[in-house]
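Dear colleague,

I am passing on the structure below, and my notes on it follow directly after.

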Amino acid sequence: MTDIHSHIIYNVDDGSKSIEESIELLRMMKECGFDNVIMTPHFIEGSEYCSYNPEKLEKLNILREEVKKHNIDINLYLGNEIFVNDHIIEDIKNNLAYSLNNTKYFLFELPFHNQIIGLKDMIYEMKIQGYTPILAHPERYSYFQNNYDLVDELKEEGLLFQCNYSSIIGHYGKESEKLLKYMLKNHYVDYLGTDIHHTSRATVLEKFKKIDKLFNKFAGREYYQEIIKNGDDLVN
């Protein structure tokens, strides 16, 4: 099982603040059944969360050594959660931001409350350049919660969706939970991620057995396993 959205690389964004915290998070993830973790620190141009790849790669390699020392059998990969802009592909090609495990798939996010005008055109441009965008946690954006037609339209355009595991237990509010269940019912969810940041806010891992049961219930076992396989395919 692969987590394609996490903030475990320490001291690069609002996620883990130390090697020790990162190792504890990875230990917890292994106990939940994760074999692979794609680390996706924020990449937000013009902000403090704009760490470039050499620093991220260095810390990734340190963590790979640390998990070996601690006998945690888990594979670590690199990506980014890229805040939407009109030159994401150039950022990836220029090695400023990172796709998921150096594939043609990349994770991007939108503003939570301000709808982006021209998003469909941006997605089209991304795709004609040979890349496949995956939208992070669509169930959390207020304009999608208020208008499910927007989600329908983006899915019709072929956009892939990554939802957060803990949305199904209402961790981000009832509206996120309702939208996620709508998306599961319509088979809109392509990937899942923990979006884990800190040990102090590790609800998704602490309640993972319950979360797993709920996904089996609302997605159905076959579709749930298909979503999990999609994540595994990014690292195999």
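Asp3 stands opposite Val37 in β2, within a pairing in which β1 and strand β2 (residues 36-39) run in the parallel sense over two bridges. Please keep in mind throughout that this is a predicted model. The two strands belong to an open sheet of three strands, with parallel pairing and the order β1-β2-β4, whose edge strands, β1 (2-3) and β4 (75-78), each pair on one side only.

Turning to the aromatic residues, a search of the whole structure finds 13 aromatic pairs. In one of them, the ring centres of Phe34 and Tyr165 are 5.9 Å apart and the planes stand at 80 degrees, so the pair is edge-to-face. This pair links distant parts of the chain, 131 residues apart, with Phe34 in the loop between α1 (19-32) and β2 and Tyr165 in the loop between β8 (160-164) and α7; both Phe34 and Tyr165 are buried. Tyr165 and Phe208 have their ring centres 5.1 Å apart and their planes at 65 degrees, so this pair is edge-to-face, and because Phe208 lies in helix α9 (residues 208-219), it ties together parts that are 43 residues apart in sequence. Phe208 is buried as well, and one aromatic cluster is formed by Phe34, Tyr165, Phe208, Phe215 and Tyr224.

Finally, helix α6 (residues 148-156) packs with helix α7 (residues 174-185) at an angle of about 40 degrees, the axes being 11 Å apart, and the crossing is right-handed. Tyr148, Val151 and Asp152 of α6 make the contact with Lys178, Leu179, Tyr182 and Met183 of α7, which by class gives five nonpolar, no polar and two charged residues.

Terms used: Residues are numbered from 1 along each chain as its sequence is written. This is a predicted model: local features need pLDDT of at least 70, side-chain atom pairs count only at pLDDT 80 or more; totals for chains, interfaces and linings use all residues. Side-chain values use heavy atoms; hydrogens and water are left out. Axes are lines fitted to C-alpha atoms, for helices over the stretch in contact, and angles run from 0 to 180 degrees between N-to-C directions. Helices (H or I, at least four residues) and strands (E, at least two) are DSSP runs, numbered from the N terminus. A crossing is left-handed if the near helix is turned anticlockwise from the far one by less than a right angle, and right-handed if clockwise. Contact means heavy atoms within 4.5 Å. Ala, Val, Leu, Ile, Met, Phe, Trp, Tyr, Cys and Pro count as nonpolar, Asp, Glu, Lys and Arg as charged, and the others, Gly among them, as polar. Two strands pair if DSSP finds at least two bridges between them. Rings of Phe, Tyr and Trp (its six-membered ring) pair if their centres lie within 6.5 Å; planes under 30 degrees apart count as stacked, over 60 as edge-to-face and the rest as tilted. Buried means under 20% relative accessible area, exposed over 50%, partly exposed in between (1.4 Å probe, protein chains only).
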